[in-house]
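Notebook open, model loaded. I want to go through the fold, then the packing, then a few single residues.

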Amino acid sequence: MEGGLRETAIAHAPFFVTAPGETDVLFTIVVWFVVLAVFGAGALYLSLHALPERMAHRANHTQIQLISILTLLALFTHNNLFWLAALVIAVVQVPDFYSPLQSIAQSVKAMARNRGAVDDSPVASEAVTTQENAKDV
């Protein structure tokens with residue numbers, strides 16, 4: 001009776017129960033799945049973490065070094081505020097204020113030169129310097 005019960009129990013055992021001395025296939029599959037899932041999650045995390053830097057490279061951003069430093073700080077400190085700041089800086093394009101102001105200054109200087117109000121020669125700049133020094137004395 002005991003042998004028949006054992007044979008009946010073995011016949012009704014689920015597929016993942018292995019016989020003694022055989023390879024556990026389900027365990028092997030689960031181990032490979034977990035290893036691949038860990039590597040996949042790590043690759044996803046690192047690619048998501050590098051998103052602001054890639055965006056800045058594509059847009060030829062002026063603050064690329066600041067964005068890179070913020071993403072590295074976020075990676076090593078696990079502080080999401082650094083990553084968020086890098087993402088905002090990468091997305092927002094800072095307007096160029098210097099070029100228009102420089103152009104306006106050059107145009108005003110050219111207009112003053114045409115009217116004779118400004119002399120760019122080195123002799124004139126030395127004379128202005130000596131006049132300023134004389135006023136200080």
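Predicted model: local features only at pLDDT ≥ 70, side-chain atom pairs only at ≥ 80, totals over all residues.

How many helices and how many strands does the protein have? I count 7 helices and 0 strands. Read along the sequence, that gives me α-α-α-α-α-α-α.

**Entry: overall numbers.** I looked up burial next. Of the 137 residues, 11% count as buried. I also checked how far apart in sequence the contacting residues are. Taking contacts between residues at least 6 apart in sequence, I get 42% that join residues at least 24 apart.

**Entry: the core.** Which residues make up the largest nonpolar core? I find 5 residues in it: Ala56, Ile67, Leu70, Ala86 and Ala90. Helix H4 (64–77) and helix H5 (80–91) are the elements that give two or more residues to this core. In general, nonpolar side chains tend to be buried together in soluble globular proteins. I then picked Ala56 and listed its partners, leaving out residues up to four places away in sequence. Ala56 touches His61, Ile64, Ile67 and Ala90. Of these, Ile67 and Ala90 are also on the core list.

**Entry: H4 against H5.** The axes of H4 and H5 are 8 Å apart, and the packing angle is about 160 degrees. Angles over 145 degrees count as roughly antiparallel, so H4 and H5 are roughly antiparallel to each other. Their crossing is left-handed. On the H4 side I noted Leu66, Ile67, Leu70, Thr71, Leu73, Ala74 and Thr77. These meet Phe82, Trp83, Ala85, Ala86, Ile89 and Ala90 of H5.

**Entry: H3 against H5.** How do the axes of H3 and H5 cross, and within what distance do they come? For helix H3 (residues 51–59) and H5, I read a crossing at roughly 15 degrees, with the axes coming within 9 Å. Angles under 35 degrees count as roughly parallel, so H3 is roughly parallel to H5. Here too I have a left-handed crossing. H3 makes the contact with Leu51, Pro52, Met55 and Ala56, and H5 with Trp83, Ala86, Leu87, Ala90 and Val91. By class, that contact has 9 nonpolar, no polar and no charged residues. Trp83, Ala86 and Ala90 of H5 turn up in the contact with H3 and again in the contact with H4.

**Entry: His78.** I went to the loop between H4 and H5, where His78 is found. Is His78 buried or exposed? Its relative accessible area is 59%, and the cut-off for exposed is over 50%, so I logged His78 as exposed. Leaving aside neighbours within four places in sequence, I see His78 in contact with Tyr45 and Leu73. Leu73 is also one of the H4 residues in the contact with H5. I checked the backbone as well: phi of His78 is near 60 degrees, a positive value in a residue other than glycine.

**Entry: Val25.** Val25 lies in helix H2 (residues 25–49). I have Val25 down as exposed, with a relative accessible area of 52%. I also took one distance, to Phe15. Val25 and Phe15 are 10 residues apart in sequence, and their C-alpha atoms are 9.7 Å apart in space.

Key:
Residues numbered from 1 in each chain as written. Heavy atoms only, no water. Core = buried A, V, L, I, M, F, W, Y, C linked by side-chain atoms within 4.5 Å. Buried < 20%, exposed > 50% of the residue type's maximum accessible area, 1.4 Å probe, protein only. Helix = DSSP H or I, 4+ residues; strand = E, 2+ residues; numbered from the N terminus. Contact = heavy atoms within 4.5 Å. Axes fitted to C-alpha atoms, helices over the stretch in contact; angles between N-to-C directions. Parallel < 35°, antiparallel > 145°, perpendicular 65-115°, else oblique. Left-handed = near helix turned anticlockwise from the far one by under 90°. Nonpolar A, V, L, I, M, F, W, Y, C, P; charged D, E, K, R; others polar.
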